[in-house]
Amino acid sequence: MFPTELIKYIRKSDVILEVLDGREPELTRSIKLEEIALRYNKKLVLVMNKSDLVPPTVIKKWIQIYENQGLITIPYSIKKNENTKILKRGIKSLQSKEKIKCILVGYPKTGKSSIINSLKGYKSTKVSPIPRGTGSTLQIQLFKISGGLYIWDSPGVIPPDGSPLERIIRGTPPEKLENPVKVAVELIRRITGLGFKHRLQRKYNVVFSTELELIEGIAKKRHLIYSKDKELNIDEASRVLLRDFYNNEIFYYDLPPTINLLEKRRRL
Ligand SMILES: Nc1nc2c(ncn2[C@@H]2O[C@H](COP(=O)(O)OP(=O)(O)O)[C@@H](O)[C@H]2O)c(=O)[nH]1
Ligand SMILES: [Mg+2]
């Protein structure tokens, strides 16, 4: 379910900034959000965040694909100062209004709070007061960024949906997943399929040919064993991997369809 409170703020905004994780842009897009933006006739901008973690050629290709779909796409990284200017300019070019209200929306962990902090800088000022102790709904503040640009202070979080693998990629904390081994296997398969097996082998110091071998390898290295029968605790080993993934500690990225095979071959 898309939060109704979020829809309220989307309706109040002129521009919707859909924050994507540049490593998984397709899976961190929310079709529901895009439908809502369309329904209320809002300008939508895809912000490809964490672009520092992906080669520029790959980011460029994604942008080309999205622009071909008629979607305005801007690469972003909180690590690159010049990005804030480019994003601000991009938003302003979409609206001729003097006061432009924006909202950052996206799945958890895509970097919404980080982006708002990098945009705020030291010059920004709060422009709406927070009423305290009244009612149960939290009043979201409008922040003045620069010139006529305003942004809602509290970024819109989209609850992760989809299959268990999609939910972990969309920022679900690993503790909330019911079957960690199954999800870990799927995640390892995805990462190795994209050509990053060597990264997993190096990170865990385990050479593996099947996904389960990696999980068992992690259990062995970390002495994760059930005290009862001394069997390897693959549940806990899977959680180790899922937690590392959640904390952005596993290096990989998705490849746009057109360079998939070429890139993969180069890496093998
Ligand atoms: N490398 C890199 N990490 C980022 C970037 N933006 C956010 N992060 C990291 O991603 C994690 C989630 O960011 P956060 O702003 O809390 O995401 P939110 O849940 O969407 O508000 C944090 O550990 C950030 O430091 C970026 O541009 N580059
Ligand atoms: Mg946040």
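**Entry 1: the hairpin**

I began with strand 6 and strand 7, which form a hairpin with two residues between them. G147 sits in the turn and has a positive phi of about 50°. The model I am reading is a predicted one. I then looked up how the two strands pair. Strand 6 covers residues 142-146, and its pairing with strand 7 is antiparallel, over four bridges. One residue pair I noted here is F143 with its bridge partner I151 in strand 7.

**Entry 2: the other side of strand 7**

Which strand runs parallel to strand 7? I found strand 4, residues 100-106, joined to strand 7 by three bridges. C102 has I151 of strand 7 as its bridge partner.

Next I checked where the side chains of strand 7, residues 149-152, point. L149 and I151 point one way. Y150 and W152 point the other way. Are these four residues buried or exposed? I found all of them buried. The general rule I had in mind is that side chains in a regular strand alternate between the two faces of the sheet.

**Entry 3: ligand 1**

I moved on to ligand 1. I listed 15 residues around ligand 1, and the closest are D52, I78, K112, S113 and S114. By class, I noted three nonpolar, seven polar and five charged residues in this shell. Which element gives the largest share of the shell? It is helix 5, residues 112-120, with three residues.

I then looked up distances to oxygen atoms of ligand 1. A polar side-chain atom of S114 lies 2.5 Å from one. For I78, a backbone N or O atom lies 2.8 Å from an oxygen atom of the ligand. For G111, a backbone N or O atom lies at 2.9 Å from a ligand oxygen atom. Taken alone, ligand 1 exposes 580 Å², and the protein buries 75% of that.

**Entry 4: F251**

My last stop was F251. I found F251 in the loop between helix 10 (234-246) and helix 11 (260-267).

F251 is in contact with L53, F196 and R199. K203 is 48 residues away from F251 along the chain, yet their C-alpha atoms are separated by 9.3 Å.

Key: Residues numbered from 1 in each chain as written. Chains lettered and ligands numbered in written order. Predicted model: local features only at pLDDT ≥ 70, side-chain atom pairs only at ≥ 80, totals over all residues. Heavy atoms only, no water. Near = heavy atom within 4 Å. Polar contact = N/O pair within 3.5 Å; in protein donor to acceptor, adjacent residues only side chain to side chain. Areas by Shrake-Rupley, 256 points an atom, 1.4 Å probe, with all protein chains shown as cover. Nonpolar A, V, L, I, M, F, W, Y, C, P; charged D, E, K, R; others polar. Buried < 20%, exposed > 50% of the residue type's maximum accessible area, 1.4 Å probe, protein only. Pairing = 2+ DSSP bridges. Contact = heavy atoms within 4.5 Å. Lists of a residue's contacts leave out its neighbours within four places in sequence.
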